[in-house]
Amino acid sequence: IGAATAEAAPDAQEASRDRPSHRRARRLLAPALAAAAIALATGAFAASGGTGTPPPGSGLCNGHEELCDRPLNEVALPATHNSMSVPLPGWYSAEQDRPIPEQLRDGVRGLLIDTHYADRLPNGRIRTVIDDAAARETAGRDGIGPEAVDAALRIRARLGFKGRGERGIYLCHTFCELGATKLDDVLGQLRRFLVANPGEVVVVVNQDAITPADFVAAVRRAGLERHVYRGPVDGRWPTLRQMIASDQRLVLLAEERAGGAPWYRPAYARALQETPYAFGRVGQLTDPARRPASCVPNRGPSSAPLLLLNHWISTDPLPQPTQAATVNAYGPLLARARACAAIRHRTPNLVAVNFYRRGDLMRVVDALNGIDGGSR
């Protein structure tokens, strides 16, 4: 999922009307910002992202007995946008507060990740493979225009990102030069969490600039295939209890190119629909008059059973935690989630935010699920 401002659906023009008026100036600045960001990251090296294995869970259904007999499409899950963008060594900026293992331990059950090919150079730096159409298309969805991509490629060559390297798959946000974590490391962390917490269901949506075959191979290397959900993704889903009993607790969806295994399905073909995600100002998510425009359809068919609520402010290249604290506060987040639920006739199944520890994401999700304590 792109953190940078992107095109909303035609029906969502009102949602983007209050974006900064100097749009042309921002387009002209985009190449400079991308280049400057890479320049600041010259000395940064990506880390693996590993932390300790979380402790065993409660054995309930995502922590609550009340959720056990509900189908997944009637359960709200806390989710993180650009889940891999965290304050680890080598990351130029972060959009989340803690690494993925700690997100899971804190209760996050939806992970929105980006996967890219990149080369680890002899000097330890990570260089994005961005010379193919798929990678450039992904950059476009992240709001990075062709001129910014070309500028970034030129500047990184001058900063020592040269030579032959070892090809790998990394979690990055558009440019792995600005932060990268190995996909294998994160999938291994996810497997350890699922093994240690047998009552938890997790959904992963992959913004993929890699082939389905390579993603599936990584899932298998991590020992995750035994936990993946293999049932239908349209219509009514099984209950959490059923998913847990069959140990099909990991739902894997691809934004662009699914396949490689029957369980790696396209997100926006039949499974998932979403709200717009191109919000540049706080008022677009907190002003009651603008809620209807913020809930209109974006990607995915209206028949898709799962709803992704995109709820963050894009201020690339420097995310602003203070804005996240405002839009993630209990009142604004719950009001928008309920408004979108009424407009779209769906439970917001993935409530995705930036800086998930700022505000009241967990309490809002409890309120949407009717869990005691969510309404206090």
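Guide: Buried means under 20% relative accessible area, exposed means over 50%, and partly exposed lies in between, with a 1.4 Å probe and protein chains only. This is a predicted model, in which local features need pLDDT of at least 70 and side-chain atom pairs count only at pLDDT 80 or more, while totals for chains, interfaces and linings use all residues. Residues are numbered from 1 along each chain as its sequence is written, and side-chain values use heavy atoms, with hydrogens and water left out.

Visitor: Why is Cys340 called buried?

Guide: Cys340 has 0% relative accessibility, so it counts as buried.

Visitor: How do you know that Cys295 and Cys340 form a disulfide?

Guide: A disulfide is a pair of cysteine sulfur atoms within 2.5 Å, and the sulfur atoms of Cys295 and Cys340 are 2.0 Å apart, so the pair forms a disulfide. Cys295 lies in the loop between α11 (291-294) and β10 (306-311) and Cys340 in helix α13 (residues 330-344), so the bond ties together parts that are 45 residues apart in sequence; helices (H or I, at least four residues) and strands (E, at least two) are DSSP runs, numbered from the N terminus.

Visitor: What makes Asn369 count as buried?

Guide: Asn369 has 5% relative accessibility, and therefore it counts as buried.

Visitor: Which residues is Asn369 in contact with, leaving aside its neighbours within four places in sequence?

Guide: With contact meaning heavy atoms within 4.5 Å, the partners of Asn369 beyond those neighbours are Leu67, Arg70, Glu74, Val75 and Ala76.
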